[in-house]
Amino acid sequence: MSDATTTDIPVDLESKRLTVTRPDIRFDKQGELGDDERVQKAMQHFAKDFGYIAANYMEACVHCGACAQACPFYEANPDPKLTPIWKLEPFKQAYKREAGPLSFFYKTLNLKSKVTIEQLEEWQELLYDTCTMCGRCTLVCPMSIDIATLVGMARHGMFHAGLVPHELYTVTEKAEREGSPLGATPKVFADRVEWMEDEHEVDMPLDADKADVLVLMSSIEIQKYPESMAATGKILNQMGKSWTFHTEGYEATNFGMLSGNTQWQKDMTMKIISTAEKIGAELVILPECGHAYQALRWQGANMLGRPLPFKVQHISEFLAEAVESGAIRVNKVDKSVAFHDPCQVSRRGGATPAPRKILEALGVELREPESTGNLNFCCGGGGGVITIHRADSLRYKIMGNKLEQLDATGAEMMVTSCSNCRQNFDDSGEKLHWDKQMNSLLELVAENLVEDTKS
Amino acid sequence: MTLLDFARGPAMQFAIFIFVFGIVFRLVGVWAMRHKRDLSEPRQPSAWKGGIHGLIQHAWPYKPFRDKLMTDYVIGYVIHLGLLFVIFFYKPHILFFQDIFGFGWPALPNGVITAISIITIGALVIALVKRLTDPVRRLISNFDDYFTWFVTTLPFVTGLATAGNVWWHYETGLAIHLLSVWLLLIYFPFGKLMHAFWFGVSRYTTGSRFARRGGMA
């Protein structure tokens, strides 16, 4: 199917989850490439990722299958195909045949056959629909193989072969073209900032020439949870920070990274970096978004090719520092709370202690679910999975398991620090008739902020 | 030249050459691949400490996974420790190493080694049955998995037969045992037996990468 067709599909702004309006019409092949060319493209881009790290992981697997036991998708549907390492089979096959130290033998004696178009088509579902790159499989792997990173790499080849699930491709292409996967163009963003300023009577600087802090938002927040903008503004104003939103660099989500287009990932990251450099920001605050944290905090400098000239913090890290240093004070919240750790911020991001410090300052009774913190059980919506309708039934099953864990804590209030997780809880919660709601940690802090009249 | 002469002479030399050269070739081959420097600002210095921690941490499953994986870990440890004790603490093996290195070390009693060998073969059989019957393992297994099992189990079986003197001709039996070990050594660099090295490389890599970030792997 052509690119033109896929980009014509409008995104769905009404539903609780980020996706397209016509999931029934599938365009899971992009571009007009022939089958051989698709395979060739996939191989070229797989090869780009065959560096030392990927190689030693692919050499190390002993086929023990333990990774299945940690995967939320396998737990929801124990089909052997969903075993995490199996999701990488064509990537591994290409490595062994084309790039590994023994590739000469594998190729000459045809011990590993060539990757075929049929394989790649079959693996689209395994690499995109059934992996959020939550990294729980690495915890359980006796070889400590970082399968999530390898899945991210394998997606590069899939993207360039034109084999991305059409909803994910559509929102990604839209993000590259318009600056947002959800239609939050610079103009829409500016309008919504103005709306929230009026609605909440909070000053929110936009496009300041100079500021110490550049604040980013995710399109999910801009379009679905705009109160996040006001909450952030309220807190930063209270702290007396020199900060701004900026229409040239405001969108933190990076669907280039999720779908597997490195150039688009770089384009999206560079908008932020250039804006931060332009206004002389010392700090870039990332919103409540898991993969945005990966994209800028851990991959941003690698996209730029040099260390970032500013500090990057997830909003939960920024707030934890603020409450710890006394820069803000918060009222006590007399409730029991269960916290859902976003995988990309906690286990794979390292900011696990931050939300706990904030919740402690809020004086809540924290009730940790059975598998929590770095061992957190994924909600099933990350990595672009939430956009893909084919993945819905499995995503709802995973959420069913997640809700059981959260409900078992008996907590009165559920809180997280990722708007993508939050929209998954909203969408799946409605489907599963959950009697609770997932709340934003940022908004909880803003609601309970002790406002000092001095500022 | 008898079969035993062949096993003790050219076959052994060839096997050791392939074993050593093959291991070096494969390790260096991977090491020589492109290294990308991570330019992100580390959360904490001394990532190498995390690498060392990773080496140890993954030797035993984290608590939430213990129920599901305990049997597999126990079987794995029985096989690995069985290999260790039988290879390095059986008197005739120590004499063999003494010839090469010029020094020896105390041996375990023969009866203990026999018992360990039988237990190890039992664990290897259980591992194979699990590989064949567990749908996940059956799907992800390939020739390497089964051939590795074969070349690992064979020296135990031939060794037990030699120690128990059940061959029709002792010297031929000993030669067969030696040849089965050389087969293991020759195959070693080509298949997953290399995990004897990769486990360290992979665990260290992940441990140090995640020490930069915080989080857990």
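**Close-up views of a predicted model**

**View 1. Packing of helices α3 and α5 in chain A.** In this predicted model, helix α3 (residues 52-60) of chain A packs against helix α5 (residues 89-99) of chain A at an angle of about 100°, and their axes lie 11 Å apart. Because angles of 65 to 115 degrees count as roughly perpendicular, α3(A) is described as roughly perpendicular to α5(A). On the side of α3(A), the contact is formed by A55(A), M58(A) and E59(A). Helix α5(A) contributes F91(A), K92(A), Y95(A) and K96(A). Sorted by class, the residues in this contact of α3(A) with α5(A) are 4 nonpolar and 3 charged, with no polar residue.

**View 2. The open sheet of chain A.** In chain A, 4 strands form an open sheet in the order β4-β3-β5-β6, with parallel pairing. Strands β4 (243-244) and β6 of chain A are the edge strands, each pairing on one side only. Helix α18 (residues 315-325) of chain A packs on the sheet, where it touches β5 and β6 of chain A. The direction of α18 makes about 90° with that of β6(A).

**View 3. Strand β5 of chain A and its two partners.** Strand β3 (residues 213-215) of chain A pairs with β5(A) in the parallel sense over 3 bridges. Along this pairing, L214(A) stands opposite V284(A), and V215(A) stands opposite I285(A). Strand β6 (residues 311-314) of chain A also runs parallel to β5(A), and 4 bridges join the two.

**View 4. Side chains of strand β5 in chain A.** In a regular strand, side chains alternate between the two faces of the sheet. In strand β5 (residues 283-286) of chain A, L283(A) and I285(A) point one way. V284(A) and L286(A) point the other way. All of these residues are buried.

View 5. T152(B) belongs to helix α8 (residues 143-163) of chain B. Its relative accessible area is 8%, and because buried means under 20%, T152(B) counts as buried. The side chain of T152(B) reaches the backbone oxygen of T148(B) at 2.6 Å. Apart from neighbours within four places in sequence, T152(B) is in contact with L83(B), L124(B), L184(B) and L193(B).

Methods
Residues numbered from 1 in each chain as written. Chains lettered and ligands numbered in written order. Predicted model: local features only at pLDDT ≥ 70, side-chain atom pairs only at ≥ 80, totals over all residues. Heavy atoms only, no water. Axes fitted to C-alpha atoms, helices over the stretch in contact; angles between N-to-C directions. Parallel < 35°, antiparallel > 145°, perpendicular 65-115°, else oblique. Contact = heavy atoms within 4.5 Å. Nonpolar A, V, L, I, M, F, W, Y, C, P; charged D, E, K, R; others polar. Buried < 20%, exposed > 50% of the residue type's maximum accessible area, 1.4 Å probe, protein only. Pairing = 2+ DSSP bridges. Polar contact = N/O pair within 3.5 Å; in protein donor to acceptor, adjacent residues only side chain to side chain.
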